[in-house]
Amino acid sequence: MQRYSGFGLLKHSFSHHENWQRMWRTPTPKPVYDVIIVGGGGHGLATAYYLAKEFGVRNVAVIEKGWLGGGNTARNTTIVRSNYLWDESAQLYEHAMKLWEGLSQDLNYNVMFSQRGVFNLGHTLQDMRDIERRVSANRLNGIDGEVLNAKQVEELIPYLDCSKNTRYPVMGASLQRRGGVARHDAVAWGYARAADALGVDLIQQTEVIGFRKENGAVIGVETNRGFIGGKRVGVVTAGNSGHMAKLAGFRLPLESHPLQALVSEPIKPIIDSVIMSNQVHGYISQSDKGDLVIGAGIDGYNGYGQRGSYPTIEHTLQAIVEMFPVLSRVRMNRQWGGIVDTTPDACPIIAKTPVPNLFFNCGWGTGGFKATPGSGHVFAASLAKGEMHPLAKAFSIERFHNGALIDEHGAAGVAH
Amino acid sequence: MLHIFCPHCGELRSEEEFHAKGQAHIPRPLDPNACTDEEWGNYLFFRDNPRGLHHELWIHAAGCRQYFNVTRHTVTYEILETYKIGEKPGVTEASVAAKKAVAQGVTA
Ligand SMILES: Cc1cc2nc3c(=O)[nH]c(=O)nc-3n(C[C@H](O)[C@H](O)[C@H](O)COP(=O)(O)OP(=O)(O)OC[C@H]3O[C@@H](n4cnc5c(N)ncnc54)[C@H](O)[C@@H]3O)c2cc1C
Ligand SMILES: [Zn+2]
C-alpha cells in the first residue's frame with residue numbers, strides 16, 4: 001500500500017495525479033476463509049480491518065452485495081457522539097469515540113473527523129431534567145458533557161431561534177464538545193483500503209442468499225456466485241439483518257424502517273456545530289462543502305424500499321424552519337432513504353446466535369455510524385476468540401427474553 | 001404519498017391521517033402467568049419483518065380513529081387490501097404463490 005502524505009501529494013502532482021495506486025484489489029473468492037463478514041458497510045469493513053490488524057486473523061473476506069459502503073454508511077447524517085445514558089451503551093460508544101480520535105492516523109486516510117460539538121436541545125422542563133440526568137450519568141462514566149441554559153445556547157448558536165415566540169421555546173441544551181461529524185464515505189474507504197493492505201479480500205457485487213450448515217453449525221455462505229466456505233461468519237447487514245436471520249433459521253427482534261435525510265444547496269458557513277432536537281424532531285449540521293445536512297425521523301411502517309414518505313420530509317423541514325427561521329428559503333438539493341434495523345430498546349445486537357459459528361452485529365437502527373470503529377473492534381475481538389468481547393456481552397439476543405433491556409430511547413430518540 | 005382505503009369510512013384517504021401500528025394478528029397469551037420467559041419475550045418483542053407481504057395493524061388516527069388491518073408489500077409499498085379487525089387476509093404469501101403457479105401453468 002502506498003502511504004498517503006503531503007509529499008506524496010506533491011510528488012503525484014508532477015504526473016498530473018494519473019498514477020495513484022488503486023485503493024484495493026478485486027480478488028476472486030478463495031474456497032475457504034477463517035472469517036467471512038457479510039456486509040461491506042462501515043461496520044463490516046471495520047470488523048475486517050481490526051481482525052487483521054489487532055487479532056492476527058488475515059484470511060478474511062468481506063462479501064458485499066452492492067458496492068462498499070453503499071448502504072446506510074453512505075446514507076447517514078454522520079453525527080458522532082457518545083453521550084448515551086446507560087453504562088453499557090455509554091461505554092460502547094465511548095470506546096468508539098476514543099478510536100475516532102486517532103482514526104485518520106491509524107488508517108492513513110483522512111476521515112475528516114471534526115469534533116465540532118453536538119447540542120441536544122431541551123424545550124420542556126422534562127427535557128431539561130432528562131438532560132441533567134444524562135449529562136450527570138455521562139460524567140460519572142468519564143464522558144464529557146455540559147448542561148447549558150437558553151442564554152448560553154443563544155450565544156453559541158446565533159441563528160437558532162431562542163426567542164419566547166416559538167411554539168416550543170428553547171430552554172437549554174446538553175453539549176458534548178468531543179462530538180461532531182466525520183466523512184461517511186471516507187470511513188468506509190479508509191477501512192477498506194487498510195483492510196485490503198493487510199490481506200483481507202473485499203468481494204463486491206456478491207449477494208449472500210443462504211447459509212450452509214453441517215451438524216447444525218455454519219460452514220460457509222451460499223452466494224449468487226456460488227459457495228464460499230467460512231469457519232466463522234459475522235453478519236453485519238443493517239436493515240437486511242432480519243431477512244438474513246430468517247435465511248439462517250431464527251428470528252431477531254428487529255423491524256426495518258426507512259429513514260430519510262436531505263441536503264440543501266451549498267451556502268456560506270452558518271452552522272458550525274451539530275444541533276439536534278428530540279422535541280421538534282429535527283437535526284442539522286453543515287458540511288465543509290456548505291450543504292446543510294438534515295435528518296428526518298423514521299417512517300412509521302416497515303419498509304425495505306430505500307426511499308421514504310413525503311409527509312416525513314415535510315415534518316422534518318417544518319422542524320428545521322421552526323428552529324432556524326432564517327433557513328426557510330434555502331432549497332433542498334437531494335433527498336434519500338436508508339433502511340434501518342430498529343430494536344425494541346434502541347440498542348444494537350452484537351451477539352452469538354442459536355447457530356454455532358454464526359455471529360450477528362446489527363440493530364444499530366438510526367444511530368450506528370458513530371459506533372463504527374468501536375462496533376468493528378469489539379465484533380472483531382469476538383469473532384477472533386469465538387467469545388463475545390466484554391463490551392458486547394450486554395448486547396445479547398437473550399436480553400429480549402430475560403428482560404435485561406438497555407433502554408436508550410431517551411438518549412437515542414431522534415438522535416443519530 | 002400512500003392512499004389508504006379505510007374499511008370503516010369506506011374511503012381512500014391520504015397516508016397522513018393514519019398511523020402504522022406494526023404486525024397484525026398477534027394473539028395475546030391466554031394465561032400470561034403460565035408463559036415462560038421465552039414465550040413472553042417472543043410475544044412482546046419479536047415481530048415478523050418480511051421483505052415482501054406484511055399483514056399489519058393501522059389506525060385511522062385523524063379520521064374515524066378505528067383500527068383495521070392492511071396487507072402491504074414492504075418493498076414496493078403497494079397496499080393489496082385493507083380489512084377489518086377479526087377478518088382474515090385475502091392476500092397471503094401462499095395465495096400469491098398459488099396464483100403465480102396458475103398463471104405460469106397457463107402461459108407455459
Ligand atoms: C438517513 C440516515 C441517517 C442516519 N444518521 C446517522 C447519524 O447521524 N449518526 C449515526 O451514528 N448513525 C446514523 N444513521 C445510522 C447509520 O447509518 C447506521 O447505523 C450505520 O451506518 C450502519 O452501518 P453498517 O455497516 O452496519 O450498515 P450498512 O452501511 O447499511 O452496510 C450493510 C451492508 O450489507 C450489505 N448487505 C445486505 N444484505 C446483504 C447480503 N445478503 N449479502 C451481501 N451483502 C449484503 C448492504 O448492501 C450494505 O452495504 C443514519 C441512517 C440513515 C439511513
Ligand atoms: Zn376511517
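Analyst: A cavity is a set of points, on a 1 Å grid over the protein atoms alone, where a 1.4 Å probe fits but cannot get out; points join across faces, edges and corners, and the volume is the space filled by probe spheres set on them. This is a predicted model, in which local features need pLDDT of at least 70, side-chain atom pairs count only at pLDDT 80 or more, and totals for chains, interfaces and linings use all residues. Residues are numbered from 1 along each chain, chains are lettered from A and ligands numbered from 1 in the order written, and side-chain values use heavy atoms, without hydrogens or water.

User: Which residues line the largest cavity?

Analyst: Lining residues have an atom within 4 Å of a point. By class, this lining has 3 nonpolar, 2 polar and 2 charged residues (Ala, Val, Leu, Ile, Met, Phe, Trp, Tyr, Cys and Pro are nonpolar; Asp, Glu, Lys and Arg charged; the others, Gly among them, polar). The residues are H123(A), D161(A), T166(A), Y168(A), V170(A), E322(A) and M323(A).

User: What area do chain B and chain A bury between them?

Analyst: Here 25 residues of chain B are in contact (heavy atoms within 4.5 Å) with 28 residues of chain A. Buried area is the accessible area (1.4 Å probe) lost on putting two parts together, summed over both. Of the total, 52% is on carbon and sulfur atoms, and that total is about 2,300 Å².

User: Which residue of chain B forms a salt bridge with R251(A)?

Analyst: A salt bridge is a side-chain nitrogen of Lys or Arg within 4 Å of a carboxyl oxygen of Asp or Glu, and the count between these chains is 1. The closest N and O atoms are 2.6 Å apart, and the partner of R251(A) is D48(B).

User: Which element gives the largest share of the side of chain B that touches chain A?

Analyst: Helices (H or I, at least four residues) and strands (E, at least two) are DSSP runs, numbered from the N terminus. β3 (19-23), α1 (37-45) and β4 (53-59) of chain B each give two or more residues to this side. The largest share, 5 residues, comes from α1(B).

Notes:
On a 1 Å grid over the protein atoms alone, a cavity is a set of points where a 1.4 Å probe fits but cannot get out, and a pocket is an open set with protein on both sides within 12 Å along at least five of seven lines; lining residues have an atom within 4 Å of a point.
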